[in-house]
Amino acid sequence: MKIGHLLALLCCMISGNLLGQTGKTSYEITVHSFFNGRPLQRDSLYLNEWGEALHWNQCRWYFSRIRGVKTNGDTVLLSNQHFLLDGLTGPATVQFTGPSPVGIKSLVIQLGVDPAVNRQGIQTGDLDPAKGMFWTWNTGYVHVKLSGTSAAAATAGERFNYDIGGYQPPHVTQRQLVFPFVADTHQQRTQISLQAEWSKVFDAQHAIRIGQYAVCHQPGALAVLLADNAAQVFGLFVPKSPQP
Amino acid sequence: MKNKGQWMIASLLATALLCSAWAVQYFVPKKRPFKIPAGWPQPVYDFQKNPLTEEGIALGRTLFYDEILSKDSSLSCGSCHQQFGAFNTFDHPLSHGVEGQVSFRNAPALYNLAWMPSFMWDGGINHLDLQFLAPVTSHQEMGADLNEVLEKLRKNESYRKAFKAAFGDPTINTQRLGKALSQFMLTLVSDNSRYDKVKRGEAQFSLPEQLGEAIFLQKCAVCHQPPLFTDFSFRNTGMTKDLFLQDSGRMRITGLSADSLSFKVPSLRNVTVSYPYGHDGRFFSLMNVFEHYRKNLRSVPQTDPLLKQPLALSNYEIGQLRAFLNTLTDTSFLTNPAFAPPGQAFRHTAPADNHQ
């Protein structure tokens, strides 16, 4: 056998391994962040439901355990990765490969970090504590981190800061988000567009006034209220119609 | 001619493959088994996820004693956890931090950590690998930014080599930093005190020590259970809240008023060298502790049921108890050169005064 044949065989073996993976579908989930319908940006001023003016400084959250529910009720795990997303840097994107979307009627995404991960020591990648989404003093991940400034906040620097976390009952704060499975699938590429309407953090299910609650830095009742509201933030992306 | 050249290339490739296979095998970190002392429970630390290796332990030891982990490179873990005090802060009720800061807790002694299910006086940290993050990033202690620490380590050629030796490649991240520190700290096993020798049949208690053990088993051992001399529970022992520190203990973690002023039951191994005592170092001597339990404790609804009434302890009993507690001092642990700063022998820098 000539050396050229050997190299060709090696290439075939390598590509064979890769082909084993390409049998799956590649998924891309894009999240567009808004506040009262306006794109979320650092330098913009927004008003919440309670008339409190605010600027945003941080808007980050975890998506994890992305699943599909089929028409027959079976659940398919599409990805067990944890993804850290940022709502202040343009559309946030999650990419992964997973099983075929055929037959999936709804999409379920966990907002936050799996409870078990909180007990497994130090993680890497998006879960690295160096990402700043982690409490050491009371071990656990911050599922959603929202911060900014508002004259309504009676704090130093008029800062509001909502670190939404906690995985132990009764203060569990990870939430399951369910969406109709609306995807643009083309040649083993499935694209899903979601939107996040962050104004709902202040009013979706519970009234959160910055003047009353400017800081949430630990697991507890306030974190649970904020988590309930945060779960209402996400929905399918509805592109705006062009203005007449 | 062409064929000859191809075969030469193939031979070179094969040789390179063999050499790299040999190198990979040669540089595999050398495993160090973790020995569980006879009669002790199984450790709670999962060694499968962080097997001890000579290289990992050496790296952890270097990191433990390196000031690079602090904001201004002035403090190391070893600054507050000193070997002669069983790795507690000698003589300081509260840990000292960068830029003259003082923390709100006493730095506890470090040993037998493989058996410890949670860390800090309030049990807020649930894994040994994570524990270092608290002092390293606390503004009152080492005051560092974790990403800056990682960058300093990544720029250091010695550390790149040491991480490669310990973990197979030079990647330096939070997880490896924690695992390396854990590997060193897990080797801090204190199991060779006079008490241990007596239990192994290698020595005998004197009469006061024997009487002291009997009193201890009757009045102290429910919480300070041998052989680890703690049950790792959190208890309100009738200490009043320090008005300046406002430390509510375990309640800070659980949010439950029932946990107000509950703190972790500390191990009593090496207790005579690890003063001051208590979560805020309020007891400078064993006598202070005995006085608390027999005279000064204040019973409130959250006080542990075992301490609703002061402990009945006579001066005579205290004398016997002290004799017994002295047997828990593990000199071989306190002077083990393997636990000293790298390249240094054990430093006998502890002042000679005695707070007992």
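The structure is a predicted model, in which local features need pLDDT of at least 70 and side-chain atom pairs count only at pLDDT 80 or more, while totals for chains, interfaces and linings use all residues. Residues are numbered from 1 along each chain as its sequence is written, and chains are lettered from A and ligands numbered from 1 in the order in which they are written.

## Backbone features in loops

The phi angle of Asn270(B) is near 60°, a positive value in a residue other than glycine, and the residue is found in the loop between β2 and α12 of chain B (helices, H or I of at least four residues, and strands, E of at least two, are DSSP runs numbered from the N terminus). Phe87(B), also not a glycine, has a positive phi near 65°; Phe87(B) sits in the loop between α3 (77-80) and α4 of chain B and is buried, with 26 other C-beta atoms within 10 Å.

Two peptide bonds in the cis form are listed below, one from Pro169(A) to Pro170(A) and one joining Tyr275(B) and Pro276(B).

| Cis peptide bond | Omega |
|---|---|
| Pro169(A) to Pro170(A) | near 5° |
| Tyr275(B) to Pro276(B) | about -5° |

Pro170(A) belongs to the loop between β10 (159-165) and β11 (175-180) of chain A, whereas Pro276(B) lies in the loop that runs between β2 (263-264) and α12 (286-296) of chain B.

The core draws at least three residues from each of domain 1 (54-189) and domain 2 (194-329) of chain B.

Once its neighbours within four places in sequence are left aside, Val136(B) is in contact (C-beta atoms, placed from the backbone, within 7 Å) with Leu69(B), Met142(B), Ala144(B), Leu146(B) and Val149(B).

## Helix packing, domains and chains

The helices α2(B) and α8(B) pack with their axes 7 Å apart and at an angle of about 95°, and they are therefore roughly perpendicular to each other. From α2(B), the contact is made by Gly56(B), Ile57(B), Leu59(B), Gly60(B), Arg61(B), Leu63(B) and Phe64(B), and from α8(B) by Leu177(B), Ala180(B), Leu181(B), Ser182(B), Gln183(B), Phe184(B) and Met185(B). Axes are lines fitted to C-alpha atoms, for helices over the stretch in contact, with angles from 0 to 180 degrees between N-to-C directions; under 35 counts as roughly parallel, over 145 as roughly antiparallel, 65 to 115 as roughly perpendicular and the rest as oblique.

In chain B, the domain assignment (automatic or from a database) gives domain 1 (54-189) and domain 2 (194-329). The C-alpha centres of these two domains of chain B lie 27 Å apart, and 21 residues of domain 1 are in contact with 23 residues of domain 2. Between the chains, the contact takes 16 residues from chain A and 21 residues from chain B.

Definitions and conventions:
Contact = placed C-beta atoms within 7 Å. Buried ≥ 20, exposed ≤ 12 C-beta atoms within 10 Å, placed from the backbone.
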